[in-house]
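Work through the exercises below with the structure in view. Try each task before reading its solution.

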Amino acid sequence: MSGRDELDRRLAAWMTETVSSSPPAGRFEQAMEATARRRPRPPWLAAFGSDWVGTTAPRRLEWAWPGLRRALVAAAMVALLAAAIVGAAMVGAYLLDHRRPAWRLGGLAYSVDGDIYVASADGGSPVLIADGIPDSASHSAPSYWDPQWSPDGRYLMYQDSNSITQVVHVVDPQGRPVASFPGWYSTWASDSSRIATWGETDQKLSFGKVDVRAMDGRLLTSVLIPDTFSGSGDQRPGWLPDGSAIVLPRYTVAEAGPAGLQAWVFPINGAAPRRLSVEVKGYGPPAFSPDGTRIAIDVGNDVFLIAADGTEAQRLPTKPGAGLYTNPLWSPGGDRIAVTRSRESIQVVDVKTGTAVPVHESSGEGVRALNWSPDGRTLLVIQGDGNPGGSSVWSVAVDGSGGHVVVKRADAEGADGRWVKEGAE
Amino acid sequence: MGRELVEQAVAGDHDAFVSLAAVAYDRLHGIARLILRNEDAASDAVQEAVTSAWLHIRAVRDPDRFDAWLNRLAVHASYREARRRRGRVVEIGVARVDVPDGWDAVGVVDARDQLERGFRRLNPQQRAVLVVHHYLELSDAEAAAVLGIPIGTVKSRLNRATIALRAAIEADDRTPGVTTEVPA
């Protein structure tokens, strides 16, 4: 027998002898008790951390540092968890974005040469519903102008300036008359049930009161406007988003540069008017956020956001390039503001992050008005067409895609989109 | 060990698992005791091994290899226990020795102590390869599966462990009374 065989024999005997004694009493029961308190891991997780003999897992890697495997598994789990959270957030954002019903451009109304036309969404099949005289012929305002669809798209309102007495007409989409009443520079309430318009005193246009009328023309109330608001007739009377009050800007005289601008509300229940905001040097008019808590005002080279209670004023977080900023307009969701830079470039700015997305360039023709679709996905842009007083109407998605002309020729600021819910028509 | 019992345990039957563990416990404890040379450490390692076996029981797909899997868990639990106890004071338990009548009791004890001292001077990996080879009497392939190393490594590690053990014993012969234990 070789020395090695002898050592092997002795070793085997020694080992058998060494382990012949029983394990310490109670340790088996203790171990089983420890297992009884726990449950086996599910099959997909059971492979982790076990040693692979007899399992479905592949041959186990030899790790230089055994803790590394645990660390990698933990890191993978954390990564999976993070991915799950991010995924859930993205799904949530998607659902939030699509919670609002989709709206589409159901039609257009526009004025050209003193006439009012109603057309399909692509500008086709125009129907003349008011035949008037262009301003160049009358040397005053055009006969018919300022068409405005009600927010629900059911009615169209337009201005009649054929005589000294200013009249507002309300018609249905086919042009059939619904109501007519004295008024000037009118605005629909957000629920489409009422109209605010500068009223008439002694059969003359007055900037001393704002009439609130029902959609059928009935006078609901008149809100008296103090003389100190003289000149405010150049502004449309706005509505608080909840429809409880009329909003008007008040300008204070400035030697140079923008005037001081205050936002005032006049409750339609007759309560005393109150000033909403701190005074800022701006041009206005004040644009209320949909929830009524903030006001956006252009102050020339910036847009300011002002808390409606006047407690806070701040710049719009991101200034997307130098230039003059005009016409801030809140999205229906209140999370973005469309602004026009240097009258040519439209940017949509995320109010929280300040991220600005370029949406449209008017190619030097000048942006005159904007209009958000109710779902916040499309902008209607009215821009100059190169002719004095003329404009064209564009539709563009808020990500800047799909911009196209829908009306080639209209009066300046004389067009409005009729938005309808998907599937409604 | 019955396949049926293993399948019941895999299905989550704790009683079946206890039955399997009861049969295997002495063997697992022997493996750990030989590698760690410490009763408490061995008990802790086996407890960790059987707990791990229960937690991961649903990963078992081949009931015929359940024993080999348990052996492997015990070996690796012993490695981990050895690392945890590195640097601690090692309490060496004294195994009971039954010596047949007529044997040279002193010689047997001397030989056993010599092996004990030599074995202590090996590292846990060398002890483990000797344990699976001489105590469990596994083939090289089976030993490779239990130790989680290639067959060639089993052979070379076994060879080196045997040489190291022989060298340790010879050194012990030359310097009686001096024992140097390799930290676990």
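## Exercise 1: a strand and its neighbours

Strand S17 (residues 287–288) of chain A runs antiparallel to S18(A), and 2 bridges join them. Strands here are DSSP runs (E, at least two residues), helices are DSSP runs too (H or I, at least four), and both are numbered from the N terminus. Two strands pair if DSSP finds at least two bridges between them.

This is a predicted model, where local features need pLDDT of at least 70, side-chain atom pairs count only at pLDDT 80 or more, and totals for chains, interfaces and linings use all residues. Residues are numbered from 1 along each chain as its sequence is written, chains are lettered from A and ligands numbered from 1 in the order in which they are written, and side-chain values use heavy atoms, with hydrogens and water left out.

**Solution.** 
1. Opposite Phe288(A) is Ile295(A) of S18(A).
2. Between S17(A) and S18(A) lie 5 residues, and the two strands form a hairpin. Gly292(A), in the turn, has a positive phi of about 75°.
3. S18(A) also runs antiparallel to strand S19 (residues 303–307) of chain A, joined by 5 bridges. Ile297(A) has Phe304(A) of S19(A) as its bridge partner.
4. In S18(A) (residues 294–298), 4 of the 5 residues are buried, so the strand is largely enclosed by the rest of the structure. Buried means under 20% relative accessible area, with a 1.4 Å probe and protein chains only.

## Exercise 2: a second hairpin

**Task.** How many residues of strand S8 (residues 184–188) of chain A are buried, and how many bridges pair S8(A) with S9(A)?

**Solution.** 
1. S8(A) is mostly covered, with 5 of its 5 residues buried.
2. It pairs with strand S9 (residues 194–201) of chain A over 3 bridges, in the antiparallel sense.
3. Thr187(A) faces Ala196(A) of S9(A).
4. S8(A) and S9(A) make a hairpin with 5 residues between them. Ser192(A) in the turn has a positive phi of about 65°.

Notes
Buried means under 20% relative accessible area, exposed over 50%, partly exposed in between (1.4 Å probe, protein chains only).
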